[in-house]
Amino acid sequence: MKSSLKEVHVTDAVGMVLAHDLTQVLPGKFKGPLFCKGHVIQKEDIEGLLSIGKEHIYVMELAPGELHENEAANRIARAAAGERVTVTEPREGKVNLVSNIHGLLEVDASRVHAVNQVEQAVISTLESDRPVQEGEVVAASRVIPLIYPEERVQSVEKILTTSENPVVDVLPYQTLKVGVVITGSEIIQGRIPDRFGPVIQEKLQKFGSTVMGQTLAGDDKEMIQAQIHSFIEREADMVLVTGGMSVDPDDRTPGAIQSLGAEIVSYGTPMLPGSMLMVAYYQGIPVLGLPGCVIHDSYTSFDKLLPRILAGKKIYREDIVHLGYGGLHSC
Ligand SMILES: Nc1nc2c(c(=O)[nH]1)N[C@H]1C(S)=C(S)[C@@H](COP(=O)(O)OP(=O)(O)OC[C@H]3O[C@@H](n4cnc5c(N)ncnc54)[C@H](O)[C@@H]3O)O[C@H]1N2
Ligand code: MOO
């Protein structure tokens with residue numbers, strides 16, 4: 001590095017980079033750093049420096065082509081952030097990316113990996129496709145040394161901006177009208193009360209969507225199909241069919257969805273619980289078969305996929321395949 005030290009009067013030092021830690025000594029009370037090496041001197045620091053007798057300090061002069069860690073981290077964060085993400089002020093060389101909304105985090109993992117290949121550049125994120133809250137820190141950037149070559153920041157910026165899609169953004173949830181078809185002879189005959197409806201209602205409400213209606217179909221394939229059709233005619237944005245997803249002769253849900261002529265993305269997922277889930281699209285509308293475990297397991301493949309669907313993403317076979325790795329929650 002070509003940076004050098006220069007002695008300056010503190011009143012001329014605003015915006016300059018402190019070259020070493022500055023210790024404050026309050027006899028009998030405190031001894032410790034007032035400012036650390038690398039601190040960028042602010043106007044409001046001057047009085048504190050003068051009050052401990054520091055009229056002159058050593059500052060670090062950056063040579064052309066060198067950046068202070070704060071500026072480097074800031075440039076990386078800005079190049080990564082999408083429109084629903086706010087970049088915070090640098091603190092100790094780290095910049096946070098904060099979600100502006102309650103939504104689904106979208107991270108391009110391949111570009112994150114590529115940035116982290118650049119020597120001593122860091123971008124760290126939460127996992128993609130995860131629900132995040134407004135104000136939640138979703139990613140952070142930094143560089144390792146105090147002084148960092150600008151050309152490396154330029155390489156990072158190039159990687160981050162290779163596509164017009166940002167590397168880190170948050171998708172808002174859409175408000176969907178959801179039709180619910182409850183299967184099971186024990187429910188339609190009133191032998192046991194329905195427990196699926198309230199669970200679904202609560203799960204949808206968390207993301208701002210609503211149940212437009214709920215019907216009972218027993219274990220009758222034609223009735224299940226007719227009720228799915230009826231919801232779609234009434235402009236449902238999604239239909240959920242509950243129960244009857246397993247291998248017993250009375251489990252009619254997969255067959256009913258299949259013989260509608262729906263595009264079946266998957267019957268079965270490699271996530272436990274929730275392995276008996278079906279994801280299909282009929283006339284472009286998501287139709288899901290929900291296995292019994294959704295009632296009693298708090299986190300299943302349905303909970304994993306629902307936020308994606310509500311954020312307007314289509315579920316592909318590859319998304320289902322990827323549920324297995326890290327997808328063992330219980331069995
Ligand atoms: N031989 C196999 N058996 C099972 C398998 C398998 O692969 N091979 N998979 C197991 C898994 S995993 C699950 S999950 C369940 C899937 O169950 P279903 O979706 O078929 O659920 P049902 O049989 O319809 O119901 C299970 C249980 O929950 C009660 N239920 C269902 N709906 C409601 C409702 N709306 N309200 C209240 N209670 C409801 C139902 O009465 C049953 O007691 O299959 C495993 N078996
Ligand atoms: O679909 Mo069962 O789906 O894992 O508990």
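A residue is buried if 20 or more other C-beta atoms lie within 10 Å of its own, exposed if 12 or fewer, and partly exposed in between, with C-beta atoms placed from the backbone. This is a predicted model, in which local features need pLDDT of at least 70, side-chain atom pairs count only at pLDDT 80 or more, and totals for chains, interfaces and linings use all residues. Residues are numbered from 1 along each chain as its sequence is written, while chains are lettered from A and ligands numbered from 1 in the order in which they are written.

Arginine 84 counts as buried because it has 20 C-beta neighbours inside 10 Å. Two residues are in contact if their C-beta atoms, placed from the backbone, lie within 7 Å. Leaving aside residues up to four places away in sequence, arginine 84 touches Ser99, Asn100, Ile101, Gly103, Asp169 and Val170. Its C-alpha atom is separated by 27 Å from that of glutamate 150, 66 residues apart along the chain.

A nonpolar core is a set of buried Ala, Val, Leu, Ile, Met, Phe, Trp, Tyr and Cys residues joined through C-beta atoms within 7 Å. The largest such core has 39 residues, and Val181, Val239 and Val287 are among those with the most contacts inside it. Valine 287 itself touches, among others, Ile228, Val239, Val241 and Ile257, not counting residues up to four places away in sequence. A second, separate core of 30 residues includes Ala79, Val85, Val138 and Ile159.

Ligand 2 is surrounded by Leu272, Pro273, Gly274, Ser275, Met276, Pro291 and Cys293, where a residue is near a molecule if its C-beta atom, placed from the backbone, lies within 6 Å of it.
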